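Dear colleague,

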Amino acid sequence: MADMTPTVSPVRRLAQRITDSLGPGHGAATRGAGGSETLAAGFLLGATLLALLWANSPFGDTYQSFWHTELSITVGGHGISLDLAHWVNDGLMALFFFVVGLEVKREFAMGELTDRSRASIPIVAALAGLAIPAVLFLILNPSGEAAGAWGVVISTDTAFVLGALAVIGPKKAARLRIFLLTLAVADDVGALAIIAFFYTDKVEIVPLILAFVGLAAIALLRRMQVWRGIGYLVVALATWVAFHESGVHATLAGVMIALILPVYPPRRSEVERAADLTRAFRQSPNPEYARAARLGLDQAVSVNERLMRLYQPYTAFLIVPIFALANAGVVLSGETLRAAATSPLTWGIVVGLVVGKLIGITAAAAVFARMKPSALAPGLTISHIAGGAALSGIGFTISLFIVDLALDDEFLADQARVGVLAASVVAALLGWLLFRIDARIHPPKQEVSHRILRPVNAKRDHIRGPVDAPLTIVEYGDFECPFCSKATGSIKEVRAHFGDDVRYIFRHLPLDDYHPHARYAAHASEAASAQGKFWEMADVLFANSDALTPDDIDDYAEDLGLDMDRFSEDLRTGDYVVRVEDDELDAASSDVEGTPTFYLGRGDTDLIRHTGPYDAASLIRELTQLRTSST
């Protein structure tokens, strides 16, 4: 009987164990589990409502007076004097953009954007989602100061969008969530570039040179392999001051610093060294060993990942809500609402964010999918993308940020803020409506779907047997699962019985909670595949399913004659992680919850989940019936 154990979200288990050991505050990744996203969106929503209540209360005057309170920091005869609102927008938000930059760098180096085929549709959709809203806005606001606010409609608030998706999205939204995450990263890159090039004041050359000297110093620290964050912090603060004095918006310092910092998967040798140092400290606790163990852990994980896990909770649950509190407090007086109701600026923002995002993202995705159908991930439909595109009209954080940069006239700024708030509400309602319409037109099946989601693809799948064999077996398996190991014997008998009339395809479904080495084994099999020895490695892994530690797998790879330097580097860089995660997403979208799970059938698409025993006799009997029924 199959080991029907629920799967968990894909994570880099090795890196996660190390970051877990760094202590509290080093938790989820920047865009982590749905629960944390919903909670972050709740904090942001609460801060927004509090700002509106404060600004429109009998004590509303205190809102403006508080946030316009001057605060000066001086050293000798030099200093910076800003009101509290600008300390939030220019200072605290630099940390927010720093985390965004870390995330962008990580996604290009190790994440979703490393796989061009997987990222192609979201990137194209993101570009259209930047351009179409801006065009619609400028049609309504072709000239004057309001025209300069076109950047307000370009960006998407990831926290709100993913929080809304978790609450109102479809039940099986794993693929849509990956799509929106990838789109959000591309969207962030576009928004940051637009802020840098179009919303920069008069530039002062000397401070700008000093700012670039600061960036060069950070690059030097990286080259010198400085692991401690304090060195980067001191130089980063000086660089922020230089950017502020140069006229370039100071928050861009955070982005540029983040893009310089190194990001890489944990190196095996450094992980083992960290384990040895930790073991030494445990055996003989003393300050020297404690320092060495901490330094070993720091060196094993890139500065990028350590800082992202350190600062992301503060940005999500503190800085962004404070930003909302400082910027969302619009006085909703009759005069303001009447002006907004007839203002081309307000309507340009609403139309740009709500209509522009929906049309731009959906149309671009639909056209690209029609031109290249294989680019659309299995289980991801255009109707789901349309719902996600509608939610992308929630611009909020960066939209309000650009309002402050683009508009000096406070009356126009209030109209723009009303537009951003209205667009966020309308976009959320429109997303909810589109998801409900889709659910009515394509009602989710109550029973488990038994048809395979991703067709067999000879260019992608690992196939044993003739590629054009009339009968097909697809297995979702786990190299550490004892049931899967036993099932290999059944598959051998089935292949011996049918000969060249059957082909066998293996796809990954590592059950992390129960099989701690399964994911590493899956990655190892893909690294072996890069050297043309997937099946040789798979056979060895199944034969030794109770001995799959990294050292064991290295021994197997060496015995198979693999290039060990290349094998180790492929495992370290994680180039094949996306392939394993793709198989997991397919399984989750198909309600596959345990291993082994078999699909049997003919051709590439007509494959039905096998239920019942998976001994050789049962599989042979079912495949024989399939062959007989087709003749």
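Predicted model: local features only at pLDDT ≥ 70, side-chain atom pairs only at ≥ 80, totals over all residues.

Residues are numbered from 1 along each chain as its sequence is written, and side-chain values use heavy atoms, with hydrogens and water left out.

Overall form

The protein chain contains 25 helices and seven strands; helices (H or I, at least four residues) and strands (E, at least two) are DSSP runs numbered from the N terminus. Its C-alpha trace spans about 85 × 65 × 40 Å along the principal axes.

Of the 631 residues, 53% are buried, where buried means under 20% relative accessible area, exposed over 50%, and partly exposed in between (1.4 Å probe, protein chains only). The accessible surface of the protein chain is about 27,700 Å², with 62% of it belonging to carbon and sulfur atoms; areas come from the Shrake-Rupley method with a 1.4 Å probe, and for residues only the protein chains shown count as cover. Among contacts (heavy atoms within 4.5 Å) with a separation of 6 or more, 81% are between residues 24 or more positions apart.

Salt bridges

A salt bridge is defined here as a side-chain nitrogen of Lys or Arg within 4 Å of a carboxyl oxygen of Asp or Glu. By this rule there are 19 salt bridges. In one of them, Asp 512 and Arg 519 have their closest N and O atoms 2.5 Å apart, and both residues are buried. Another joins Arg 460 to Asp 461 at 3.4 Å, N to O; this pair is likewise buried.

Asp 583 also forms a salt bridge with Arg 579, with the closest N and O atoms 3.4 Å apart. Asp 583 and Arg 579 are four residues apart in helix α24 (residues 577-589), and so are separated by about one helical turn. Asp 583 counts as buried at 0% relative accessibility, and Arg 579 is buried with a relative accessible area of 13%. Through salt bridges that share partners, Arg 460, Asp 461, Arg 507, Arg 579 and Asp 583 form one network.

Buried positions in helices

Helix α17 (residues 396-406) includes Ile 402, which is buried with a relative accessible area of 0%. Apart from residues up to four places away in sequence, Ile 402 touches Gly 151, Val 152, Ile 154, Ile 195 and Tyr 199. Between Ile 402 and Phe 97 there are 13 Å, C-alpha to C-alpha, and the two are 305 residues apart in sequence.

Thr 397 also belongs to helix α17 and counts as buried at 3% relative accessibility. Setting aside neighbours within four places in sequence, the contacts of Thr 397 include Leu 44, Met 93, Phe 96 and Asp 157, together with Val 320 and Phe 323.

Helix α10 (residues 251-260) is largely enclosed by the rest of the structure, because eight of its ten residues are buried. Among them are Thr 251, Leu 252, Val 255 and Ile 260.

Yours sincerely
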